[in-house]
Amino acid sequence: MERYSRQIAFPCVGKDGQAKLGESKVTVVGCGALGTVAAELLVRGGVGSVQIVDRDIVELSNLQRQFLYTERDAAERLPKALALAAHLKAINSSVEIHPVVTELTGSKAVSLLRGSTVVLDATDNYVTRFTINDACLELKLPWVYGGALGSRGMTATFQDHGACFRCLFSELPALGAGDSCELEGVLASATAIVAALQVAAVMKLIIEPNTMQGCALEFDVWKGSFHTIPLERDDRCPACKEGQRLFLADDGLSQTSFVCGRNSVLVRAGCAELDLAKLARVLAAKGLEVRQTKFSLRVEALEREIVLFADGRALVNGTSDAQEARRVCNAVLGS
Ligand SMILES: [Zn+2]
């Protein structure tokens with residue numbers, strides 16, 4: 001207990017709170033800028049069991065903001081979950097660390113998150129967050145959202161009785177918005193604060209489970225601003241009110257297509273990379289109206305608008321029917 005003496009001296013934790021932390025299991029989804037910091041704080045703080053989930057490998061460009069990883073991890077191209085687990089074990093050998101090298105998708109999400117006390121979202125995309133939301137609603141688990149971009153950050157806590165993530169975002173945001181750190185950049189100060197706020201929320205959910213307010217925190221480290229936004233449950237929420245669990249389905253169509261809202265569908269065109277410049281020339285030659293930006297291609301076809309991304313995703317606007325969206329994609333892309 002000497003290890004945790006400073007934390008126990010804080011009256012809101014105390015010996016009882018420390019014991020509750022030791023009996024808890026926290027799953028951290030994503031081992032990037034948020035996940036590495038969050039996992040380190042949880043392990044140093046004496047959470048009994050920490051599960052870390054990530055499918056990526058360590059790269060040199062990660063080291064600016066993803067704590068604990070070393071140049072050797074990047075040179076050896078180690079899976080993030082395994083590299084992080086090794087560092088965490090060296091920090092606190094009394095904590096059980098469970099690394100899982102995978103992507104949290106479909107029904108796998110429920111089996112991976114089952115048994116957790118709290119789930120911490122450290123992902124960088126909305127599809128995975130929607131999946132966490134569906135799985136946590138299904139398992140009645142609280143989870144803590146976190147996101148950062150540029151100098152800004154945001155966290156929010158979702159619990160069984162309050163608003164869920166889809167009450168806030170009923171539709172997937174415009175594609176690319178979820179993973180644009182590559183484009184807009186991000187400060188490690190912002191990601192580290194988000195992770196620290198998330199861990200404080202996780203600890204409070206474990207120690208004082210019924211006292212958490214349903215609210216979001218938003219800040220900007222460059223402007224020095226910080227504020228709280230109340231979260232309100234949406235009476236028409238497809239997930240927590242209507243019971244829809246769209247992101248937990250394992251059938252082929254839902255794995256490749258997501259209904260993003262009332263009027264758009266995300267289609268994943270497999271894992272193939274799209275050569276946008278070449279595709280733009282081909283589609284223009286077919287007489288289609290094409291607008292190209294550096295990162296996407298907009299095509300007007302069959303009374304729909306399709307936004308194509310280089311990683312093979314396509315957003316079809318003008319329909320909420322997944323099969324219709326796939327048919328339009330196939331017609332335009334010829335596959
Ligand atoms: Zn909801």
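**Exercise 1.** Is Tyr145 buried or exposed?

*Solution.* The structure is a predicted model, and in it Tyr145 has a relative accessible area of 5%. Since buried means under 20% relative accessible area, Tyr145 is buried.

**Exercise 2.** How are the planes of the rings of Tyr145 and Phe165 arranged, and which parts of the chain does the pair link?

*Solution.* The ring centres of Tyr145 and Phe165 are 5.2 Å apart and the planes stand at 45°, so this pair is classed as tilted. Tyr145 belongs to strand S5 and Phe165 to helix H8 (residues 165-168), so that the pair links distant parts of the chain, 20 residues apart. Phe165, with 0% relative accessibility, counts as buried. Both residues are members of one aromatic cluster, which also includes Phe130, Trp143, Phe158 and Phe247.

**Exercise 3.** Which residues coordinate the zinc ion, and what arrangement do the donor atoms make?

*Solution.* The SG atoms of Cys164, Cys167, Cys237 and Cys240 coordinate the zinc ion at 2.3 Å. Around the zinc ion the 4 donor atoms subtend angles of 97 to 123°, and the arrangement is therefore tetrahedral, given that all angles must lie between 85 and 135 degrees. Along the chain, the donors follow the spacing C-x2-C-x69-C-x2-C. Cys164 lies in the loop between S6 and H8, whereas Cys240 lies in the loop between strand S8 (225-230) and helix H11 (252-256), so the pair ties together parts that are 76 residues apart in sequence. Cys164 is buried at a relative accessible area of 2%, and Cys240 is buried at 16%.

Notes: Residues are numbered from 1 along each chain as its sequence is written. This is a predicted model: local features need pLDDT of at least 70, side-chain atom pairs count only at pLDDT 80 or more; totals for chains, interfaces and linings use all residues. Side-chain values use heavy atoms; hydrogens and water are left out. Rings of Phe, Tyr and Trp (its six-membered ring) pair if their centres lie within 6.5 Å; planes under 30 degrees apart count as stacked, over 60 as edge-to-face and the rest as tilted. Helices (H or I, at least four residues) and strands (E, at least two) are DSSP runs, numbered from the N terminus. Buried means under 20% relative accessible area, exposed over 50%, partly exposed in between (1.4 Å probe, protein chains only). Donors are N, O and S atoms within 2.8 Å of the metal (3.2 Å for Na, K and Ca); water is not among the atoms, so sites may look incomplete. Four donors count as tetrahedral if all angles lie between 85 and 135 degrees; four count as square planar and six as octahedral if opposite donors are over 155 degrees apart and all others between 65 and 115; anything else is irregular.
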